[in-house]
Amino acid sequence: MNIRSAWLVNRTDADGGQTRVDTRLAPIGTLTPTGPLTSRDGIIPGSRDGRSQLEGLYVFSDAAGMSAKVAPGRAVIQSSEPAGAYPVAVTDHITVDFADGDPNNPRIDLVVLRIYDAQHDTSDRTAAVLEVIQGEPAGKPVAPQTPTAALALAAVTVPAGASAGTGGIGWQSGAVLDLRRPTVAVGGIVPRTSGDSTPGSYPGQYRDTDSVGLERWNGKEWRPYPDVTGWQPLKLAAGYGNPGHGTNAAWRRSGSLVTLRGRIGRNDEKPIASGDVIAVLPPDLRPGGGREFAWASPRTQNRTGPSVTRVEITSGGELRTYEGFDNPVWISLDAVSYYTD
């Protein structure tokens with residue numbers, strides 16, 4: 001079946017399927033896509049007091065020992081593409097237990113929220129569970145891989161020899177590494193958690209960071225939004241510089257809008273001829289349309305001549321004079337602006 005609809009069949013808790021309560025508690029709607037049929041998995045963000053990005057499914061312990069608790073919360077778990085994404089709700093605190101530590105070496109265990117679906121795996125069961133995936137003891141242990149159809153919540157370091165009798169895991173001393181990440185509806189702004197290096201899903205997607213604020217995915221990288229760079233020196237062609245008084249040639253970008261300013265003239269003070277290359281732009285400042293024209297202000301030695309002329313921004317990033325004029329000694333770029341896309 002290639003077209004699937006929810007809510008057509010109501011199963012009971014005993015059947016291990018979807019109940020109406022599950023449907024009310026689980027997130028509904030199209031989430032952030034990672035492909036035509038896949039979604040970004042993660043935790044639904046939010047907290048009771050509005051001060052935290054993620055309150056749900058937090059892994060912690062309020063007592064010494066070998067057990068931890070997982071807080072209530074909602075999440076989406078992406079399985080294989082044919083299986084789809086599973087909305088899950090954990091409605092109460094749930095305890096997970098860790099095996100005693102290896103006698104000689106520490107290990108790192110993974111706490112995951114996992115889907116078992118007999119229609120799409122070999123588990124012969126249908127359930128959503130919280131479980132601990134035990135890592136391999138080693139002098140420098142690493143966390144195990146997250147299984148298919150599972151969402152990693154935390155990596156927990158289990159010291160060598162740890163047990164309930166020896167004080168257990170160091171819950172208050174950095175044993176837990178929070179691995180949760182948020183997911184939101186398509187078009188929503190995703191909060192960025194520490195260490196999250198997930199690339200964007202599509203150009204025009206936004207995320208929020210504590211240090212930068214809003215960032216926009218441009219198809220290659222996350223960029224601050226608005227992408228205002230401040231004034232940067234413009235690389236002038238050989239033999240060109242700032243002719244005496246006035247502002248040095250510079251550029252700045254605000255989103256896709258590039259603005260130029262300053263004066264450019266020949267260092268030997270000879271006139272600039274039509275068609276001369278006077279500067280070269282960085283690759284990411286080249287016009288999106290392949291070629292742009294803008295109006296600039298030429299000046300001759302006696303400050304006469306036409307009031308404006310055109311400069312060309314080529315697809316290769318060259319800035320050059322385009323129209324004929326009375327051999328200006330320098331050109332003002334203060335009126336030049338264009339778009340990169």
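Predicted model: local features only at pLDDT ≥ 70, side-chain atom pairs only at ≥ 80, totals over all residues.
Residues are numbered from 1 along each chain as its sequence is written, and side-chain values use heavy atoms, with hydrogens and water left out.

View 1. I272 is buried, with a relative accessible area of 0%, whereas E269 is exposed, at 60%. Here buried means under 20% relative accessible area and exposed over 50%, with partly exposed in between (1.4 Å probe, protein chains only). The C-alpha atoms of I272 and W330 are 7.1 Å apart in space, although 58 residues separate the two in sequence. E269 has a positive phi, near 65°, and is a residue other than glycine.

**View 2. D124 in the loop between β7 and β8.** The loop runs between β7 (107–117) and β8 (126–133). Phi of D124 is positive, near 60°, in a residue other than glycine. Most residues other than glycine have a negative phi. D124 is exposed, and its relative accessible area is 70%.

**View 3. An open sheet of three strands, in the order β2-β3-β6.** The pairing is antiparallel; two strands pair if DSSP finds at least two bridges between them. Because β2 (59–60) and β6 (94–97) stand at the edges with a single partner strand each, one side of each has no neighbour in the sheet. Four bridges link β3 (residues 67–70) with β6 in the antiparallel sense. K69 has T95 in β6 as its bridge partner.

**View 4. An open sheet of four strands, in the order β15-β18-β19-β26.** This sheet also has antiparallel pairing. Its edges are β15 (232–233) and β26 (337–339), each with a single partner strand, so one side of each is left without a neighbour in the sheet. Strand β19 (residues 257–261) runs antiparallel to β26 and is joined to it by three bridges. Opposite T259 stands S337 in β26.

**View 5. The largest cavity, with a volume of about 90 Å³.** On a 1 Å grid over the protein atoms alone, a cavity is a set of points where a 1.4 Å probe fits but cannot get out, and a pocket is an open set with protein on both sides within 12 Å along at least five of seven lines; lining residues have an atom within 4 Å of a point. Grid points are joined across faces, edges and corners, and a volume is the space filled by probe spheres set on the points. The count is one cavity of 30 Å³ or more. Of its 14 lining residues, R40, V190, T198, Q205 and W222 are the closest to the centre of the largest cavity. The lining has four nonpolar, six polar and four charged residues. Ala, Val, Leu, Ile, Met, Phe, Trp, Tyr, Cys and Pro count as nonpolar, Asp, Glu, Lys and Arg as charged, and the others, Gly among them, as polar.

**View 6. The second largest pocket, with a volume of about 480 Å³.** Lined by 16 residues, this pocket has R216, N218, R253, T340 and D341 closest to its centre. Its lining divides into three nonpolar, four polar and nine charged residues.

Technical notes: Helix = DSSP H or I, 4+ residues; strand = E, 2+ residues; numbered from the N terminus.
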